[in-house]
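Here is a brief report on one structure. It covers the core, a helix pair and some backbone details.

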Amino acid sequence: MAIPSVIAAMSILTGTALSTPSPASTPVPSEPNSPRATEAATVPSPPQSNEYVTWEKPRSYDTTFNVGIHCLAVIDPNRPLLMPLVLQGASSFVNLDTLQAEVQLHGKRLDGGRGPELINGRGIFNEGMIEAPTKDVRIDKNILNLATQLRFSVFHQAICYSSEVDEEALQSIPWPESWPSSVRDALKPQALIESDDPVFANVVQEVSEGNLRQVPPWIAAKELVRHACNTIQKNGETTLYGPGQSIRGLDVNGAIAAAQRESGTPNDLVCVCVALLRAAGIPARPVIGRGEDRKGKKRLLVWAELFLPGAGWVPFDPDEIRRKGARHWKVENDWNGFGTVSDLNRRVPLAYAFAPDNGRAAYDCYAIWGWSRLESMDFPVPVSQWQGWVGDLRLQVEAWNTPSVLHFEMVSHG
């Protein structure tokens, strides 16, 4: 497979995040299909409104995402580079004809490409996936710490929509006898979302008082999310930074860690909410993307979606719900941030997992794109360790220099 494929994968990166892996023994959603065995990506189309959810106020974005890798001393350099892309999201779609990407090694262009052919695989939740071989990538000791050794640049155009729900209609949806096969992976544990841990089943039992299915799934979901937002106190921010405020990825520790501490970053709160919904038998998934915060600052964002028959995937923003204080909100009422998300058209979804291959492909932290782990390093790699040795190679951090750095732009066309 050609390296241009990787480049397209990078366009997916145009907006996302990072954190920490789960043990290999943990049950996980089905593995991504081999890119070679995957059919060509279907042409994405605008989200379709229904009697439950209205998708409105579309906004167009040109998104550019760059990944700089400063060290090639990885555990398995033959592992391919992986980049997911949400081609057809609940609230967005990508113009595949605008995909462009380029890969550079030691400042020299290796390859580039454009168009739908760059998407040659699938992620856990059917994201498009780009894969690029790296078997010929080698460490250049002469430029170690002096320049970015490997760089990806990706560009694509996305159209994003806001959502408005009919609260009464959603409350009329009953529990299905079974969930569609297409969403069953969203009922399983995955890296950072350890929904099979007894702690989440116990919380579901406690919050529902043993009567989970006596209320509609929409009401049950609101009860569980409200409980999480009231219990998990905010501790930290979405983005993981290096020296000089260089962006590395997402600061995330996962659902179990946040539940045990009763605190966590906005990303951790999403993990807890998704874990609780899955433990209750409601399909749910995290959404990792690029967007604008309440102050208009462009950054990595994490929110969530749950699935209901007829309605499809419905968005909700746990951090927004926690910020507004949902403790005394009535579940029968409309919640701004649960279903109705007015600023969703300012967010470009990129992935449904914090790193490809269920987290195992994360390089130095969770950051959507993936390759192989650094040698002899904790994960995520502490900056203090980066000022040390990898094998017989001395590494020294500079203000701009961490194992990897993300740069992105997001231009709105209204």
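## Nonpolar core

Which residues touch the most other members of the largest nonpolar core? They are Leu306, Trp369 and Trp371, in a core of 119 residues. Helix H6 (residues 266-279) gives the most to this core, 9 residues. A nonpolar core here is a set of buried Ala, Val, Leu, Ile, Met, Phe, Trp, Tyr and Cys residues joined through side-chain atoms within 4.5 Å. Buried means under 20% relative accessible area, with a 1.4 Å probe and protein chains only. Helices are DSSP runs of H or I with at least four residues; strands are E runs of at least two, and both are numbered from the N terminus.

## Model basis

The model is predicted: local features need pLDDT of at least 70, side-chain atom pairs count only at pLDDT 80 or more, and totals for chains, interfaces and linings use all residues. Residues are numbered from 1 along each chain as its sequence is written, and side-chain values use heavy atoms, without hydrogens and water.

## Helix pair H3 and H4

Val203, Val204, Glu206 and Val207 come from H3, and Glu223, Leu224 and His227 from H4.

A cis peptide bond joins phenylalanine 379 to proline 380, with omega about -5 degrees.

Asparagine 358 lies in this loop too. Its phi is positive, about 55 degrees, although it is not a glycine. Asparagine 358 is buried, at 2% relative accessibility. Isoleucine 368 also lies between S15 and H8. Its phi is near 75 degrees, and isoleucine 368 is buried at 0%.

Note on methods. Contact = heavy atoms within 4.5 Å. Buried < 20%, exposed > 50% of the residue type's maximum accessible area, 1.4 Å probe, protein only.
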